[in-house]
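Morning, everyone. Please look at the sequence and the structure on the screen, and then I'll take you through a few spots.

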Amino acid sequence: MNPTSPIKRIAIFGSTGSIGQQALEVILANPTKFSVEILTANSNDELLIQQALKFNPNMVVIGDENKYTAVKEALAGTDVKVFAGEQALEEVAAIDCYDLMLAAIVGYAGLKPTLNAIKAGKPVALANKETLVVAGDIVMRTAVENRVPVIPVDSEHSAIFQCLVGEMRNPIEKVILTASGGPFLGKKTNFLVNVKREHALQHPNWNMGAKISVDSATLMNKGLEMIEAKWLFNLRLDQIQVLIHPQSIIHSMVQFQDGSIKAQMGLPDMRLPIQYALAFPKRIPSDFPRCDFRRLQTLTFEDPDVRTFRNLGLATEALHKGGNLPCVLNAANEIAVYAFLRNRIGFLEITDVIEKTMEKVSFLQQPTLEQYFESDGEARSYAADMIQL
Ligand code: NAD
Ligand code: MG
């Protein structure tokens, strides 16, 4: 943090998304603690302009270069610098004008800006789990080399992170990642075969972006989170248990070597883990709704139905085999989910596309960053061909 200023200067990559907008709510409620330095969006120029006019950042980046003129003109009367394009997104991440990056871009597109921030020595509050799924070994190694903290924003990983505060070097026996089960909990294949985009986007407990909502419905989200947990907390596969907990009150748990278990709880509200990551190591006051245990009927737990929701098995296999397989899994999943969202394939076909792509792309045990990029490209083109995109 800048020693001359008590205000933490935040760069939000993906500010127009669900996480980005909630982060701006947190910042708005805490004007003496945070300021906004950088805002970025892919194509939603209107919202980016509104956000820039409200928060007066140092700079904004719009991914879609065709929108540059619109953003530039709308911000002409301000001091806000405007950039456009993928290259600019990566370069801006390395500029020494902020104290913490909130990595809230969705998907593989978040990897390069996040890695650039880490290389530039910037602490990262990480929502973009795909960054760790694609190249977790390289990202975490680079963070260690640059002594950069990676603070999780994903609610499960924030929960584990919070449980570990004060535990110094006490080894973890295992973590229990809780999952709501998504909108199709308890459903079987004969139901899922007819499921459409609008069903999948109706999550019972969380209001999130389209891609993660579909990932939650297929349970791929939990698979990606197992891989994310491996890299964040240095865990083996046998130390990660997934449990369905439909009420989403316990956000995850850590079991220690003495058998003691710590859980982090609260109402499902992403502003809480976002605020925790922005303010870390401090906790700051909030007026978010409080959990009243007298009003909770029950807290229930069950094993996930891996026979119906096969994505969880595919992600487990990718985590077990390692190498470029999680990267391939992620790329195929992104292609398949966007095809599903455009009604090009059915819900169950998402899994078929991922499975076949994982079989097809050649396995690399210890890829370089360049090889991760290549594996991502290879997997995308194979998956897209299969769907005939
Ligand atoms: P979203 O779709 O609502 O927003 C995505 C943001 O990324 C937008 O600002 C968009 O402009 C930007 N973006 C998309 N594609 C881009 C590209 N190619 N280049 C540059 N920018 C691009 O997504 P979200 O729900 O806010 O999720 C963001 C990330 O946080 C995801 O990785 C998700 O898994 C993770 N996450 C989200 C939640 C949640 O509650 N929404 C919870 C936990 C983790
Ligand atoms: Mg999560």
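Searching the whole structure turns up one cavity of 30 Å³ or more. This is a predicted model: local features need pLDDT of at least 70, side-chain atom pairs count only at pLDDT 80 or more, and totals for chains, interfaces and linings use all residues. Residues are numbered from 1 along each chain as its sequence is written, chains are lettered from A and ligands numbered from 1 in the order in which they are written, and side-chain values use heavy atoms, with hydrogens and water left out.

Back to the cavity. Rolling a probe the size of a water molecule over the atoms shows where empty space is left. Here, a cavity is a set of points, on a 1 Å grid over the protein atoms alone, where a 1.4 Å probe fits but cannot get out; lining residues have an atom within 4 Å of a point. Points are joined across faces, edges and corners, and the volume is the space filled by probe spheres set on them. The largest cavity comes to about 60 Å³.

Which residues line the largest cavity? They are S155, S158, Q162, W206, H251, Q264, L267, D269, L272 and P273. Four are nonpolar, five polar and one charged. Helix α7 (155-164) gives the most, three residues. Both α7 and α12 (271-279) supply at least two. Helices here are DSSP runs (H or I, at least four residues), numbered from the N terminus.

Are D154 and E156 buried or exposed? D154 is buried because its relative accessibility is 8%. E156 is buried as well, at 8%. Buried means under 20% relative accessible area, exposed over 50%, partly exposed in between (1.4 Å probe, protein chains only).

E130 sits in α6 (residues 130-145). With a relative accessible area of 6%, E130 is buried. Its contacts (heavy atoms within 4.5 Å) include N330 and E334, leaving out residues up to four places away in sequence.

Last, α14. Of its 17 residues, 16 are buried. Just after α14, N343 takes a positive phi of about 60°.

Methods: 1 Å grid on protein atoms, 1.4 Å probe; cavity = no way out; pocket = protein on both sides within 12 Å on 5 of 7 lines; lining within 4 Å. Nonpolar A, V, L, I, M, F, W, Y, C, P; charged D, E, K, R; others polar.
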